[in-house]
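Colleague: I have a model open and would like to learn how to read it. Can we take it feature by feature?

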Amino acid sequence: MDNRPIGFFDSGIGGLTSIPYIMRELPNERIIFYGDTARTPYGSKSVGTIRDFAFQIADFLDSQNVKMMVIACNTITASALDALRERYSNIPIVGCISPTARKAARIFSPEDRPGLIATKATVRSGAYEQKIREYNPRLRICSKACPALVPLIEEGIIKSEIMDLTLKHYLDDFIKENDLNGLILGCTHYPLVAENIRRLYPDLKILSSSKEVAMAVKYELEKNDMLAGERSGENTFFASDLSDSFVNMIELILGQDKEELNIKFKNFEI
């Protein structure tokens with residue numbers, strides 16, 4: 001039993017999409033979330049810069065006495081997971097890619113034709129292809145970087161013609177040329193436009209990383225006997241730029257008004 005909080009972090013708001021699953025599956029857990037909204041997006045940055053930013057955020061979460069760190073960002077997972085685990089060897093660290101790749105290897109057969117959409121950094125790393133091969137050597141995926149999606153989502157441009165046109169720009173030819181019947185959302189921002197994708201491409205089987213991350217957190221806590229015995233305090237959401245957009249997106253993702261959520265918002269620029 002461990003009543004300390006779980007520390008989540010992301011390049012921006014995308015990692016928030018895992019939080020509702022945690023709240024539903026593990027209602028006693030307290031969450032500290034850090035979104036680096038002042039420096040988002042990370043996907044077009046160098047690996048060295050992404051690692052430097054990740055270390056800064058992880059140092060902050062470590063100072064908050066978290067019992068586990070969750071990299072709720074595929075880009076950071078692809079670029080910095082091993083380095084973070086080496087630096088914080090005493091704290092369990094969960095990333096996005098292995099849980100999602102494991103699920104993809106289960107739900108897609110070798111006869112399927114799944115595609116991956118993600119940031120430039122995640123696609124460039126080849127991390128998904130490597131992990132999926134480990135779990136299912138016969139399954140092959142093709143990948144597409146979609147760099148404009150994260151900035152639009154961060155600005156709340158979701159249920160709009162602009163988002164639909166952007167998705168069609170990236171996906172129309174990608175789906176047709178590769179004869180895809182499935183799509184892995186390899187960025188925790190992308191579940192926020194999953195409804196758009198399902199409407200535009202109703203025949204695709206869609207896999208999101210957000211739920212898989214939450215299930216991996218639950219598994220690790222249970223395995224290590226680290227589940228909270230009782231709820232102790234409020235959830236706290238930090239941002240390097242605590243904008244109205246950040247607060248509004250939390251309300252949208254969690255489905256409640258901020259007054260009803262029993263959470264604190266704090267600005268903390270690293």
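This is a predicted model: local features need pLDDT of at least 70, side-chain atom pairs count only at pLDDT 80 or more; totals for chains, interfaces and linings use all residues.

Colleague: Where is Arg 113 found?

Modeller: Arg 113 is in the loop between H4 and strand E5 (114-118).

Colleague: Is Arg 113 buried, partly exposed or exposed?

Modeller: The relative accessibility of Arg 113 is 33%, so Arg 113 counts as partly exposed. Leaving aside neighbours within four places in sequence, Arg 113 is in contact with Asn 178, Asp 179, Leu 180, Asn 181 and Gly 182. For a sense of distance, take the C-alpha atoms of Arg 113 and Arg 138: they are separated by 12 Å, with the residues 25 apart along the chain.

Colleague: On to helices. How is a packed pair described?

Modeller: Two packed helices are described by the angle between their axes and the distance between the axes. Take helix H4 (residues 97-107) and helix H6 (residues 127-135): their axes come within 8 Å and cross at roughly 50°. H4 and H6 are therefore oblique to each other. Their crossing is right-handed.

Colleague: Which residues make the contact between H4 and H6?

Modeller: H4 supplies Ile 97, Ser 98, Thr 100, Ala 101, Arg 102, Ala 104 and Ala 105. H6 supplies Ala 127, Tyr 128, Lys 131, Ile 132 and Tyr 135. By type, the residues of this H4 and H6 contact are 8 nonpolar, 2 polar and 2 charged.

Colleague: And what is the general rule for which way helix residues point?

Modeller: An α-helix has 3.6 residues a turn, so residues three or four places apart point the same way.

Colleague: How do H4 and helix H10 (residues 209-223) cross?

Modeller: Their axes come within 8 Å and cross at roughly 110°. That makes H4 roughly perpendicular to H10. The contact uses Pro 99, Thr 100 and Lys 103 of H4, with Ser 209, Glu 212, Val 213 and Ala 216 of H10. The residues of the H4 and H10 contact divide into 3 nonpolar, 2 polar and 2 charged.

Colleague: Thr 100 is in the H6 contact and in the H10 contact. Is Thr 100 buried or exposed?

Modeller: Thr 100 counts as buried, because its relative accessibility is 0%. The cut-off for buried is under 20%. The Thr 100 side chain reaches the backbone oxygen of Cys 96 at 2.8 Å. Beyond four places in sequence, Thr 100 is in contact with Tyr 128, Ile 184, Leu 207, Ser 208, Ser 209 and Glu 212.

Colleague: Where does Ser 208 lie?

Modeller: Ser 208 lies in strand E8 (residues 205-208). A polar atom of its side chain lies 3.1 Å from the backbone nitrogen of Ser 210. Not counting residues up to four places away, Ser 208 touches Thr 100, Leu 185 and Pro 191.

Colleague: Now helix H11 (residues 244-254). Which of its residues are buried?

Modeller: Phe 246, Val 247, Met 249, Ile 250, Glu 251, Ile 253 and Leu 254. The buried residues of H11 pack against helix H1 (19-25), strand E2 (31-35), helix H7 (149-154), strand E9 (235-239) and strand E10 (263-267). Just after H11, Gly 255 takes a positive phi of about 75°.

Colleague: One more glycine. Where is Gly 12?

Modeller: Gly 12 is in the loop between strand E1 (6-10) and H1. Gly 12 is buried, at 0% relative accessible area.

Key
Residues are numbered from 1 along each chain as its sequence is written. Side-chain values use heavy atoms; hydrogens and water are left out. Axes are lines fitted to C-alpha atoms, for helices over the stretch in contact, and angles run from 0 to 180 degrees between N-to-C directions. Helices (H or I, at least four residues) and strands (E, at least two) are DSSP runs, numbered from the N terminus. Angles under 35 degrees count as roughly parallel, over 145 as roughly antiparallel, 65 to 115 as roughly perpendicular and the rest as oblique. A crossing is left-handed if the near helix is turned anticlockwise from the far one by less than a right angle, and right-handed if clockwise. Contact means heavy atoms within 4.5 Å. Ala, Val, Leu, Ile, Met, Phe, Trp, Tyr, Cys and Pro count as nonpolar, Asp, Glu, Lys and Arg as charged, and the others, Gly among them, as polar. Buried means under 20% relative accessible area, exposed over 50%, partly exposed in between (1.4 Å probe, protein chains only). A polar contact is a pair of N or O atoms within 3.5 Å; within protein, one must be able to donate a hydrogen and the other to accept it, and residues adjacent in sequence count only if both atoms are side-chain atoms.
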